[in-house]
Structure formats: C-alpha cells, structure tokens
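Biologist: I have the structure open now and would like to go through it with you. Could we start with the way the helices pack?

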Amino acid sequence: MNTTPAAFRLLWPRISKNSASAVVCYRRPYASSATAVHNGNQQKPDWNRAVSEAEKIVGYPTSFLSLRWLLSDEIANVALHLRKLVGSNHPLLKTAKGLLYNGRNNMQAWGLIVLLISKAAGHLNVDEMEEDKAAGVLHSQRALAEVTEMIRTSHLVHNGLVNIYPGLYPEPVILNDMAFGNKIALLSGDYLLSNSCAELASLRNQDLVELISSALRDLSEAEFVGRRDSQNNPLPSPFEPLNRHFNSKLPLNPLEPSDSLGNMPLTPALQDWTKRNVLSAGSLLGKSCQGTLALAGHGVELQKQGFLFGKHLSLAWQAYLDLEPFMSGSPYSLGISFNLTSAPVMFHLEHDPSLFEEIDKGVNSVQDVDYAKIHSIVMKGPGIDYTKQLQKEHSRKAMEVLEVFEESDARTALSNIIVAMGGE
C-alpha cells in the first residue's frame, strides 16, 4: 500500500531525481542529524517487519495519522509551490524527501510508539465513548500521537530555513530561490504547528497542554546549545564541568543527571551529548508517552515510567543513528558530511582534544571541515565502542521500563522495535 501523502506525491519524482546531488542541508535536525542512509541495504531487515507488525496491533499504518492534515488544501498548495524549488539548493527539499522515507529516521514511528505505550498500559475509569475498541486505545490518545508527529514534523520543516546574510548569494536567481524556500518552510511549519496546538487544546486537558508546551520549549532551547556555524549547524564546544545540581520546579526534569549509565560513568562528553539530544528529541517523546498515560487515568508513578521509556528509547535511537556513518563499508569515509556533535565524535574529543583543531575550521561553515580526515581519526579511536555501549545501555533501560507493563502484544512489539534497532 502506498502511504505517501498525495500532496507530496506530486513532488516525489522530481525531488528524487534532483535532490541527491543538488541539495545541501544547512541544518541537521534530529531525524537527519547523523545524515543516516535510507538505503534498505544499510538497515537491518527486522526493522520494517517490527514496525509493520506493530502497526497491525494499533489498527493501521501510523503514516495515516497525519494524512488529514497533509492532504488539506493548504498543504496541497504548498506542495505545488515547492515544485518551483526543485533543482535549487534549498534544504527544504531534502527535508521533504526525508519525510517520505519509511525507516528509523521517519517521525511516523513516534506516533506508533505513543500508541503502543497507550495499548500496553490500558486505561482506567474512562468513558466507553472515548475508546477506540478496535485498536484498544482512546480517541484522545490517538489525537496525542498525531500531535506528537506534527510537532516533530513542523520542527524539521522549520529547520529547513536558511540564514540569508549579505553576500551569501551574490546571484539574484539563487537569492530569490532561497528567499522563496524560506517563506514556504516558515509558513508550512507554522501551519503544522498551529494545527497541532489546536488539536491539543481540543482535548481540554490543561495538564497535558502544559506538559507538551514544555516539550516545545525544550525543542527551542536545543537550537541554542553549544557553538553553531552561520547556518546554525551544531559544532562541539569545549566541555563544561559536570553539573549535578539542577534546580527545577518541574515534577520530571528531563535533564536530571545520574552518576552513571550502567557501566558508563557520567563524563562531560556524555553530559553534553545527552543534554543536546534530550532537549531536541527525548523530551518530546518522553512527555508524549507520559501524557498518553495521564489521558488513560494512570497515576503519577506509571506516568513517570512512560516518560523514562520515551526518553531512553529516543536516546538509544539517536545513538544508533550516530553510529551509522562509522559502520563498515560506510560511504562517509569518502568525505560526506555527518553530524559533528554525534556521540562517536564527542567521545573521541574527550579522549583526544586535538581533534578540535580540525573541527574549529567549521566555525563559519561546517562545509569547511575535512570530514574524511575526521572520519578516519574517529574510526581509530575509542568513540565508536563507547557509542555502541551507550546505545545498548539506553536500550537496556528502555527494556527495563517495559517490565512494569503487563505482558501483551503491544509490549512485545515495543521490545521487537528495540531489538531491531540493535539494542539487544
């Protein structure tokens, strides 16, 4: 079954043909921060099967969650305008292309995670009219899954904005293309975000609104962590001393530190990487899992477990994506750009700070960095092994949280997704 939204299907042949060589991604949001390869041969075959089986449990492919928004007249008009950018270098094209792929990087899976947690936990003292009996979840929980996907999608689209400053594009044609692409990215991202806020408000749950609003705040804060080049691409910063004192009024502080992660001691590099990725991803998924349990009438303690599951799952997911450029046979050794704040690079910098000399060349633009050189250096250091351990530890913690739920098809599906990620 083709689940590609029709509004984007108009674009797909042209985007596929042109973007591989023409598009330069100036900003790397979470979903593509590792610039993960979408080639099916690069992924474990168990992943698609695990997701497919999980979708059957919640009732239908979760890519349909957002169809009623993506097929609206407004987005259809955006798609028609977006065709004018084909052949240009605007990163919005790469964002659109990435959203159409099915794989670990696609945020469609986030809605699936929220629905699976909802079904695994069940619901208490809820009006029968609220229940989607076929799927075993509440209509409000399905709406929250949609909201989660749309917030994430709008964040990716907004990250497609290019920072245009005097002298960047001396040719008027290119300047006009980039300015036009910025308008499309801004308006379409705002449209998705405003719809998600309206959908959230329609649930009439003040606590849930406050919870998801705090996740939005964290997404914004993530864009101001550490050094950035002129296009806001992240660059590693000299590591700050460990901070174990967090004064937060929130019941659950997503950045609350621990002394260690399994066998991994808390180090400045681990603290930096965790902060970046909790703010940019873990907070939203964790709070969405927490919120869906609140909608089902569960107590604070189980809500906390839902938050921890989403947080650890997202960090395990990110660690896996960070490893992809450094897998054997990876084309990134040829000089393709990757995320300079990925876990292997951060851990290597802690081991060998001299690598900062090469990374500092990217202060104006990350494209000025010799990626082949950095790739070669990191491949020989301890960063990859540390990242593999990091991924396994977060996967293990996510698995431990699942034990609080009764055995069910939904719990098994979540376990299978973690295993397919390479977590076990």
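Biologist: Is the crossing of helix 12 and helix 16 left-handed or right-handed?

Modeller: Bearing in mind that this is a predicted model, the crossing of helix 12 and helix 16 is left-handed. Their axes come within 8 Å and cross at roughly 155°, and because angles over 145 degrees count as roughly antiparallel, helix 12 and helix 16 are described as roughly antiparallel to each other.

Biologist: Which residues of helix 12 and helix 16 make the contact?

Modeller: From helix 12 they include Leu308, Phe309, His312, Ala316 and Tyr320, and from helix 16 they include Ile384, Thr387, Leu390, His394, Ala398 and Leu402. Taken by class, the residues of this contact divide into 13 nonpolar, six polar and two charged.

Biologist: And which residues of helix 16 are buried?

Modeller: Among them are Ile384, Thr387, Leu390, His394, Ala398 and Leu402, and the buried set of helix 16 also includes Gly383, Glu393 and Met399.

Biologist: What span should the 20 residues of helix 16 have, and how far apart are its end C-alpha atoms?

Modeller: At 1.5 Å a residue, helix 16 should span 28 Å, and its end C-alpha atoms are 29 Å apart, which agrees.

Biologist: Back to helix 12 for a moment: how do helix 11 and helix 12 cross?

Modeller: The axes of helix 11, residues 268-295, and helix 12, residues 300-323, come within 7 Å and cross at roughly 140°, so the two helices are oblique to each other. Helix 11 passes helix 12 in a right-handed crossing, and the residues of that contact divide into 12 nonpolar, 10 polar and three charged.

Biologist: Changing topic, which residues other than glycine have a positive phi?

Modeller: One of them is Arg204, with phi near 55°, and Asn232 has a positive phi of about 65° although it is not a glycine.

Biologist: Where do Arg204 and Asn232 lie?

Modeller: Arg204 lies in the loop between helix 9 and helix 10, whereas Asn232 lies in the loop between strand 3 and strand 4.

Biologist: Is Arg204 buried or exposed?

Modeller: Arg204 has a relative accessible area of 79%, and because exposed means over 50%, Arg204 counts as exposed.

Biologist: Last one, on the whole chain: how many helices and strands are there, and what share of the residues is buried?

Modeller: There are 17 helices and six strands in the chain, and buried residues make up 55% of its 424 residues. Of the contacts with a separation of 6 or more, 80% are between residues 24 or more positions apart.

Note on methods:
Residues are numbered from 1 along each chain as its sequence is written. This is a predicted model: local features need pLDDT of at least 70, side-chain atom pairs count only at pLDDT 80 or more; totals for chains, interfaces and linings use all residues. Side-chain values use heavy atoms; hydrogens and water are left out. Axes are lines fitted to C-alpha atoms, for helices over the stretch in contact, and angles run from 0 to 180 degrees between N-to-C directions. Helices (H or I, at least four residues) and strands (E, at least two) are DSSP runs, numbered from the N terminus. Angles under 35 degrees count as roughly parallel, over 145 as roughly antiparallel, 65 to 115 as roughly perpendicular and the rest as oblique. A crossing is left-handed if the near helix is turned anticlockwise from the far one by less than a right angle, and right-handed if clockwise. Ala, Val, Leu, Ile, Met, Phe, Trp, Tyr, Cys and Pro count as nonpolar, Asp, Glu, Lys and Arg as charged, and the others, Gly among them, as polar. Contact means heavy atoms within 4.5 Å. The expected span of a helix is 1.5 Å times one less than its number of residues. Buried means under 20% relative accessible area, exposed over 50%, partly exposed in between (1.4 Å probe, protein chains only).
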